[in-house]
Amino acid sequence: MANNNDSPEPATFSSTFSLTIPRIDIRRTSSDTQLDKVQIKSASVYNIHGLSGSQHSLSVPPIHKDVVGYRGSNEFILTDDKQSTMDQIKAIGPWARRKCKNMCRRKILYKRVPVLNWLPKYNMDDAVGDLVAGITVGLTVIPQALAYSSIAGLPAAYGLYGSFIGCFVYILLGSCKDVPMGPTAIASLLTFQACDGVWQRAVLLCFLTGLIELLMGLFGLGFLIDFVSGPVSSGFTSAVSLIILSSQVKDLLGIAAKGNTFIEQWSSIIDDIHNTQVGDALMGFICIVVLLLMRLLPRIKVGPPDACDQSVAQKIINKSLWLIGTARNAIIVVVCGGIGAAFYENGKEPFRMIGDVPSGLPSVQAPPFSVPEVRDANGTIVQEYESFGDMLQGLGSMLIVIPLIALLENIAICKAFADGKPVDATQELIAIGVSNIANSFVQGYPGTGALSRGAVNNASGVRTPFGGLYTGLLVILALLFFTPYFFYIPRAALAAIIIAAVIFMIEVRVVKPMWRSKKTDLIPGIATFIACLALPLEYGILVGIGLNILFILYHAARPKIHMDQAVTPCGVKYLMLTPDRCLIFPSVDYVRNLINKHGLKSQIPVVIDCTHIYGADFTAAQVIDTLIKDFKSRNQLLLFLNLKPSVGNVFEGADLEYRVFYDFEQLDKAIQECRRKSIPA
């Protein structure tokens, strides 16, 4: 073991590792396993060798000539082996080859194709659970797909076209068993705002959205959703829910109304409300009430609360109530469709119906890269020709907003049912990206996992992503055999289904805990909510993200500085100032003014404790240089304590003349010596 003499000796601390530090003075502390004071006479780049033969590297950056101490560790041997910049550049090629080789490893394959993990362990219990869940979700998906296509401004068939291929793709690539791929209310509204009811744009948007999601996944850009905070997400979701609800009022009342934003929609509704159709309104409101009541059925339990204590009859009743409540949308569609068919006579429609839905599966073809010109019988241009460039220009920022929102929706499902397991955002991006690319080849529009269907999936006992197979097959059966009957479904019934669902997406419940937790979080949340109602949605969410960034920058620009007055063993007083975060360009002038203020007031030596400063930039180094000159001009001592090597590198690069210590004993000696000589540092 090294002692306090001036000659360095090899020091062995355990049977596993030994520590040899050439040209370094080591001073033993009271602990058997820690080096407290190390005086570094030279610094370089060292290689770390374990006695087992493994090799690692540790970069110890050059330290200022006034450094008198450094904290070390007893776990490694440090030897001189400094690499030049050219050596590091040459190492890029081997590093890239290793990365490419790692991508082909079996571990990566199993990570990126999750079906390989669970399929070999698939058993009969899994098959039964997936079958029940898949059929149950399918009964939910079909009426939702018909309803969501109206939100997107597209014919009803396009909702079904986007509801089956994605389910099959997700079986192979999806990492969460509870995610049912398909159209969602938010994605449908965003599609409407981007495409304005032109199906060619919607299909191309699906392809480009999937491509962007796939690229984001391959490049590991899932972290981008971290910039959308909880309050912003809540404000956005609540505003979208109100906009979707408003978009369905026209079908609920049987009137004609248009508009992209909340204000435009209600202005149009008020202008045409005198044309309300009594039959549509009556059916719509009755359906809403019935749906809300049926939603409560799964909560009703007959018999003892524990299923093990229930009789067979009680179990059957409870399962029946649960199934009726879960399949409420399908039941409403069937009943209202029957009513519409019963009252339909010779082309006279008692209600506004969704009309003809093409029978059969969509043709498999590449997504359209242009919009053809369409003329009516009189030769008037109904739809103008659009090139691929025109279509891209029209889609605009939605090409970024929709993938991010789709990822947010998908991750929300994964986290809700993950049971504490980590969620792989990168894999989910790859899964929904490939799903949307596949959907675009069967004329689907952008989709992702829906939280409402995810809850049904989970409650139905889904065991693996294989449940999506039965959901997709059910949609295919509907397209093949039931589309003629979809003609009679009243639009008011579909509007009621959407309204009964989205009213629970308005996140009023988060306001109270947010107010009690941190009131300032309400500002970006409320601002996002208002902006999304008044402006197009992409601008609304940008407002929320922008406000969040401003809050982050403000906190970064206003670090807290803890002040303590300390005394050396010889009775010399000095001021210890401890900033609580990194020194970056927005904050350095503020920090400099505070330190100067306390220094002028006290007129005693000042020590800046850099324990919590984990980073700095060139601007910070320049301002710190000015601060050092300020103290030097008034002959006041300024010292630094526990400066991180990375921060020291920044200061060294800017040629700062400063004194830094890593030991209170040496710090006290320096303060006493400078005070005794009455000269600045």
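## Charges over rings

Lys-519 lies over the face of Trp-515, 5.0 Å from the ring centre. Arg-295 places its charged end over the ring of Phe-504, at 3.7 Å from the centre. A charge sits over a ring when NZ of Lys or CZ of Arg is within 6 Å of the ring centre and within 35 degrees of the ring normal.

The model is predicted: local features need pLDDT of at least 70, side-chain atom pairs count only at pLDDT 80 or more, and totals for chains, interfaces and linings use all residues. Residues are numbered from 1 along each chain as its sequence is written, and side-chain values use heavy atoms, with hydrogens and water left out.

## Aromatic pairs

The whole structure holds 16 aromatic pairs. Rings of Phe, Tyr and Trp (its six-membered ring) pair if their centres lie within 6.5 Å; planes under 30 degrees apart are stacked, over 60 edge-to-face, and the rest tilted. Trp-118 and Tyr-122 are a tilted pair, because their centres are 5.9 Å apart and their planes meet at 55°. Trp-118 is buried at 15% relative accessible area. Tyr-122 is partly exposed at 23%. Buried means under 20%, exposed over 50%, partly exposed in between (1.4 Å probe, protein chains only). Trp-118 and Tyr-122 form one aromatic cluster with Phe-466 and Tyr-470.

Phe-207 and Phe-369 pair edge-to-face, with 6.1 Å between centres and 85° between planes. This pair links distant parts of the chain, 162 residues apart. Phe-207 is in helix α9 (residues 199–218); Phe-369 is in the loop between α14 (328–343) and β9 (374–375). Phe-207 is buried, at 16%. Phe-369 is partly exposed, at 39%.

## Helix α18

Helix α18 spans residues 451–459, and its buried residues are Arg-453, Gly-454, Val-456 and Asn-457. They fall within an arc of 160° seen down the axis, so they line one face of the helix. The arc is that of the directions from the helix axis to the C-beta atoms.

These buried residues pack against α5 (124–151), β8 (181–182), α13 (312–326), α16 (398–416) and β11 (448–449). Gly-461 follows α18, with a positive phi near 85°.

## The chain overall

The protein chain has 27 helices and 16 strands. These are DSSP runs, numbered from the N terminus: helices are H or I, at least four residues, and strands are E, at least two. Of its 681 residues, 47% count as buried.

Among contacts with a separation of 6 or more, 75% join residues 24 or more positions apart. Contact means heavy atoms within 4.5 Å.
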